[in-house]
Amino acid sequence: MSSQQLTVRFWGVRGTLATPGPATIRYGGNTSCVEVECGRRNVIFDAGTGIKKLGDHLSARGGAVDADIMFSHVHMDHIIGIPFFAPFYGAQHRIRLWAGNLLPKGRLEVAVRAMMSTPLFPIQVDAFKAELQFRDFAAGDMLDLGDGIKAHTGMLNHPGGAVGYRLECAGRSVAYITDTEHRSHELDPTVLSLVRNADLMIYDCTYTDEEFPAYVGWGHSTWQQAVRLAKAGGVNRLAIFHHDPDHDDAFMQKVEVAASKAYPGAFVAREGLVLQL
Ligand SMILES: [Zn+2]
Ligand SMILES: [Zn+2]
């Protein structure tokens, strides 16, 4: 596997609510969706509105899709794109959907069926033709996705819970950590263990440290906390992610300047960005 390249594509970087329009054209308005391509396998983090274009990309590429969709959690901004992911409608595709914050009371399939139900949505899950598997696990489990791809997981600090991932593939590691709220003056040991020495850390930077006190309890973190974690964990590159809908391009550009000064590997995730690791 080590000769394979690992490609990361950002299809949606916005948090909370899709935010199209001229003020967000540079960084993008679609909600969370990040694709990691490793060999013939696609691992997809979250199915926000960004997954629509990913589905179109995979359809245009042709061939059978063999993908795992790893949900951080099932808040609307992370699942709203599910019905618009074209491969769900093709019988030749195999797609596994994973969530680790719902057991023992909840199930991923129940949540997705609830979103796609009358009177909220016109089409039901039964319209999907792909071979689907809903897999609930407990945050903290190590998931073997096959073909040498492994995902370490951990529970994040978010209302209702959310799962952070560390994906290891082809000798590379990508940490996907959203949505999570930090506690001031402390580095979350679960997050730190997931990001340690990662080639890429993608982190919930909804707020700045200056804004944070007004939003304690909302379940999100800051770019400054991301930098503190990246420094402590020896992370190579840090992607500032899950942008607040109120942070326009001018705001995010200032964040990017300040963050890259504070940590040379830091950058603001932008819709359409492709990284080779
Ligand atoms: Zn979110
Ligand atoms: Zn959330």
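**Entry 1: the cavity**

I began with the largest cavity and found it lined by Thr180, Glu181, His182, Asp188, Val191, Tyr203, Gln225 and Leu229. I worked on a 1 Å grid over the protein atoms alone, where a cavity is a set of points at which a 1.4 Å probe fits but cannot get out, and lining residues have an atom within 4 Å of a point. The volume of this cavity came to about 30 Å³. A volume here is the space filled by probe spheres set on the points, with grid points joined across faces, edges and corners. Searching the whole structure, I found one cavity of 30 Å³ or more.

I sorted the lining by class and got three nonpolar, three polar and two charged residues. For the classes, Ala, Val, Leu, Ile, Met, Phe, Trp, Tyr, Cys and Pro count as nonpolar, Asp, Glu, Lys and Arg as charged, and the others, Gly among them, as polar.

**A note on the model**

This is a predicted model, in which local features need pLDDT of at least 70 and side-chain atom pairs count only at pLDDT 80 or more, while totals for chains, interfaces and linings use all residues. Residues are numbered from 1 along each chain as its sequence is written, chains are lettered from A and ligands numbered from 1 in the order in which they are written, and side-chain values use heavy atoms, with hydrogens and water left out.

**Entry 2: the pocket**

Next I looked up the largest pocket, a pocket being an open set of points with protein on both sides within 12 Å along at least five of seven lines. Its volume is about 230 Å³. I counted 16 lining residues, and Thr16, Thr206, Tyr207, Trp218 and Asp244 lie nearest the centre of the pocket. By class, the lining of the largest pocket has four nonpolar, seven polar and five charged residues.

**Entry 3: helix 5**

Buried means under 20% relative accessible area, exposed over 50%, and partly exposed in between, with a 1.4 Å probe and protein chains only. Helices (H or I, at least four residues) and strands (E, at least two) are DSSP runs, numbered from the N terminus.

The buried residues of helix 5 are Trp223, Gln224, Gln225, Ala226, Val227, Leu229, Ala230 and Gly233. They pack against helix 4, strand 11 (200-204), strand 12 and helix 6. After helix 5 comes Gly234, with a positive phi near 65°.

**Entry 4: helix 6**

I then moved to helix 6 (residues 249-262), which has 14 residues. From its first C-alpha to its last it reaches 20 Å, close to the 20 Å expected at 1.5 Å a residue; the expected span is 1.5 Å times one less than the number of residues.

Which residues of helix 6 are buried? I noted Asp249, Met252, Val255, Glu256 and Ala259. Seen down the helix axis, these fall within an arc of 110°, so they line one face of helix 6. The arc is that of the directions from the axis to the C-beta atoms. An α-helix has 3.6 residues a turn, so residues three or four places apart point the same way.

On the face turned away from the buried side, I found the exposed residues Lys254 and Lys261. The buried residues of helix 6 pack against helix 5 (223-233), strand 12 (237-241) and strand 13 (266-268).

Ala175 sits in strand 10 (residues 172-177) and is buried, at 0% relative accessibility. Leaving aside neighbours within four places in sequence, I listed its contacts as Tyr165, Arg166, Leu194, Val195, Leu200, Met201 and Ile202. Contact means heavy atoms within 4.5 Å.

In the loop between strand 9 (162-169) and strand 10 I came to Ala170, whose phi is positive, near 50°, in a residue other than glycine. Ala170 is buried too, at 5% relative accessibility.

Asp179 lies in the loop between strand 10 and helix 4 (189-195). I checked the peptide bond from Thr178 to Asp179 and found it cis, with omega near -5°.
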